[in-house]
Amino acid sequence: MRLANRVIGITGGASGIGRACALAAAAEGADLALGDIDADGLEETAAKIEGIGRRAVTRIVDVTADDDQEALVELAVSELGGLDGWVGSAGTGSGQFALEHTREEWRRVMDVNVEGVFFGAQAAARHMVATGSGSIVNVASMYGQRAVKQRAAYCTSKASVVMLTQVMALEVAEHGVRVNALAPGYTDTPLFNAGKERDSVEMDRLIAHVPFKRLAVPEEIAGAAVFLLSDEAGFVTGHILTVDGGWVAHGPRE
Ligand SMILES: NC(=O)c1ccc[n+]([C@@H]2O[C@H](COP(=O)([O-])OP(=O)(O)OC[C@H]3O[C@@H](n4cnc5c(N)ncnc54)[C@H](O)[C@@H]3O)[C@@H](O)[C@H]2O)c1
């Protein structure tokens, strides 16, 4: 087991990629501290983890709120005995054109995707630096690596996750803490499928641009997260692990 008796904190643990990371970590022997704004989803994930035979604690966490993520770290330490890994998966989508973008929407996306990820990683890293080890995985996106129309705020937010990950990785490396980003491609989750409900033709067009011609399943993203959390990635830090079916590698579209 690659994460035997480790404690992993996960935001966005109620759904999609965050839930898949939680289940994959539990299957590798970890106990989980889960945060999200979705109470029902959290309980569902926790029940699945207990079904695997591992422990799960949950807390309502809004990653835009000042102290919620620190409280999740404290919960992990007090109830599960520590914090060895952290996955910042809480995130939000956005689809405004640049020239029509409102400040309100810009700030909403930045609050969740940038500040939320940064201050979650900070809370986790403060604990890990004190203990001298740990691994943080910030969920970015392939959209943080390529410009996509109608995604000014989202692409910018995910590019920011890449950079904040790399800066933090440099600052905490000497304390034995690793910080990496995971950059998923299109993944079969409620977030992606909400876009599909709005415009299924457009979504089919997007999938046609993936060399594999399909969505990732959340478990394929979670497998990469488990690698980054595990000792197998012991010399990996400041890295952006893209799991996108070849989308970023693609040159000009025909
Ligand atoms: N699905 C994709 O195609 C895809 C592709 C690239 C990157 N991502 C990224 O993966 C991450 C997870 O997305 P997903 O596809 O699993 O979506 P999802 O909607 O299934 O899960 C996101 C979770 O984040 C939670 N959340 C949203 N705002 C929050 C807040 N303020 N505080 C706490 N929790 C909050 C939601 O309640 C939800 O449980 C996001 O960062 C997303 O940008 C997704």
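Predicted model: local features only at pLDDT ≥ 70, side-chain atom pairs only at ≥ 80, totals over all residues.
Trainee: At roughly what angle do the axes of helix 4 and helix 5 cross?

Mentor: Helix 5 covers residues 152–172, and its axis comes within 9 Å of that of helix 4. The axes cross at roughly 15 degrees.

Trainee: How many nonpolar residues does the contact of helix 4 with helix 5 have?

Mentor: The contact takes in residues of helix 4 including Trp-106, Val-109 and Phe-118, and residues of helix 5 including Tyr-154, Val-161 and Leu-164. Three residues of this contact are polar and two are charged. The number of nonpolar residues is 15.

Trainee: In what order do the strands of the sheet run?

Mentor: The sheet is open, has seven strands and is paired in parallel. Strand 3 (56–60) and strand 7 (240–243) each pair on one side only, as edge strands. From one strand to the next the twist averages 15 degrees. The order is 3-2-1-4-5-6-7.

Trainee: Which residue is the bridge partner of Trp-86?

Mentor: Strand 4 (residues 85–88) pairs with strand 5 (residues 134–139) in the parallel sense, over four bridges. The partner of Trp-86 lies in strand 5. That residue is Ile-136.

Trainee: What angle does the direction of helix 1 make with that of strand 1?

Mentor: Helix 1 packs on the sheet. The strands it touches are strand 1 (7–11), strand 2 (31–36), strand 4, strand 5 and strand 6 (177–184). With the direction of strand 1, helix 1 makes about 170 degrees.

Trainee: To which strand does helix 4 run at about 175 degrees?

Mentor: Helix 4 lies across strand 1, strand 4, strand 5 and strand 6. The angle of about 175 degrees is given for one of them, strand 5.

Trainee: Is helix 1 oblique or roughly parallel to helix 8?

Mentor: Helix 8 covers residues 218–229, and its axis is 8 Å from that of helix 1. The two pack at an angle of about 55 degrees. Angles under 35 degrees count as roughly parallel and 65 to 115 as roughly perpendicular. The angle therefore makes helix 1, relative to helix 8, oblique.

Trainee: How many charged residues are in the contact of helix 1 with helix 8?

Mentor: From helix 1, residues including Gly-16, Ala-20 and Ala-24 meet residues of helix 8, among them Ile-221, Ala-222 and Val-226. The contact has 11 nonpolar and two polar residues. The number of charged residues is one.

Trainee: Is the crossing of helix 1 and helix 2 left-handed or right-handed?

Mentor: Helix 2 (residues 39–52) packs against helix 1 at an angle of about 15 degrees, with the axes 9 Å apart. That angle makes helix 1 roughly parallel to helix 2. Arg-19, Ala-22, Leu-23, Ala-26 and Ala-27 of helix 1 make the contact with Thr-45, Lys-48, Ile-49 and Ile-52 of helix 2. The crossing is right-handed.

Definitions and conventions:
Residues numbered from 1 in each chain as written. Pairing = 2+ DSSP bridges. Axes fitted to C-alpha atoms, helices over the stretch in contact; angles between N-to-C directions. Contact = placed C-beta atoms within 7 Å. Parallel < 35°, antiparallel > 145°, perpendicular 65-115°, else oblique. Nonpolar A, V, L, I, M, F, W, Y, C, P; charged D, E, K, R; others polar. Left-handed = near helix turned anticlockwise from the far one by under 90°.
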